[in-house]
Amino acid sequence: MKKLIDICDIQYGYAFDSKCFTDDSCYPPLVRIRDVKRGYSETYYSGDYPKEYVLASGDLLVGMDGEFNIARWKCDGALLNQRVCKLIAKKGTNEEYLRFAMTKALKEIERRTAFVTVKHLSAKELNKLQLSVPDLSEQNRVAKILSRLEKVIDLRRQELQKLDDLIKARFVEMFGDPVDNPMGWNKKRLQDIVSDDCSISYGIVQTGDDKEEGVPVFRPVDIVNRVPKLDELKKTTEEISNKYKRTILKGREMLITVRANIADTCIVGEEFKGCNVGRGIVPIRTKEDIMVLEFLKYLMDSKHLNDDIKRKAKGITLIQLNMEDLREVELIIPPVEQQKIFVDFAKKIDKSKVAVLKKLFTRRCSI
């Protein structure tokens, strides 16, 4: 194990004057935390600056707030702003190996600070950070393997994105924009298309400590871009769950987040029957002679409608969507048969996505 400061130099960003921030692209771009991962900035700096903070394409940067991302910068001439730092590998260190090792180390730090509202990575923490560093020849070998795997993953992600784009294009072709409604579909409020036993209600306010043999509870963090496994869910007592009987799952519901990350959705099946949801999630069951549940998910996920729902959220410290605003969301109501045709199409594309993921998993195992 070696300290990070023994294998690389760390240059911390400069506190540029925010009065000189501009959107005029004739000035040099300023790297802010949100820019690290994507590799470009839409904020520019019109003031004077020290030349030692000018970046080059390929520089290795770390964001020190929020998600602790590490990535290669993608253009020359940008300025290294505060709360972002640059790593420069010392002699005897493969910088690509350093990037992969730091990715793992930063994720571990992020995991340890999972319950902190605003996460900060300090210079003190970086200075004491230790990494497993083999000799240079082994670093070169590992970096080569991981770089090859990374390229394969990127290609598979591009395939998945193209399949997602195909579903979105088919949706627009069949139904148009669900907000502007150019095809003139009838519209109904969300509260008018849910089943009679669905009250559109908040879940459990205080779930208490995690109970090993308790009732599993969905939280917003559980459904970001996926459906979790049953054993991954936090558990509350049966007594607490029964105080919120309106949100106990019957199996086959769409869950929508109404706190923090607003309007994320997922559909859960029969295996989650009897589970409950926390304060930040609302379960939805539809009258399927009006709207197919899977179609509702695609509808709620469509960009314009999803953005429209997000705009209804209120709050400063904690952003949340009020139940009345959610109930009043207007939805296009195409004929059920057309909804089913689209859902069948989307399911076929999803099977192709599964095949891509299997290829990716097989490739990772072979390397």
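**Salt bridges and confidence**

A: Helix α10 (residues 336-366) has the lowest mean pLDDT (81) among the elements of the protein, and strand β18 (residues 330-332) the highest (97). Here pLDDT is the predictor's confidence in each residue, from 0 to 100, and helices (H or I, at least four residues) and strands (E, at least two) are DSSP runs numbered from the N terminus. This is a predicted model, in which local features need pLDDT of at least 70 and side-chain atom pairs count only at pLDDT 80 or more, while totals for chains, interfaces and linings use all residues. Residues are numbered from 1 along each chain as its sequence is written, and side-chain values use heavy atoms, with hydrogens and water left out.

The structure holds 28 salt bridges, each a side-chain nitrogen of Lys or Arg within 4 Å of a carboxyl oxygen of Asp or Glu. One of them joins R99 to E150, at 2.8 Å from N to O. R99 lies in helix α2 (residues 95-112) and E150 in helix α4 (residues 136-175), so this pair ties together parts that are 51 residues apart in sequence. R99 is buried, at 10% relative accessible area, whereas E150 is partly exposed at 29%; buried means under 20%, exposed over 50%, and partly exposed in between (1.4 Å probe, protein chains only).

K287 pairs with D196, their closest N and O atoms being 3.9 Å apart. K287 lies in the loop between β17 (281-284) and α7 (293-301), and D196 in the loop between α5 and β12, so the pair ties together parts 91 residues apart in sequence. Through shared partners, salt bridges join R72, E95, E96, R99 and E150 into one network.
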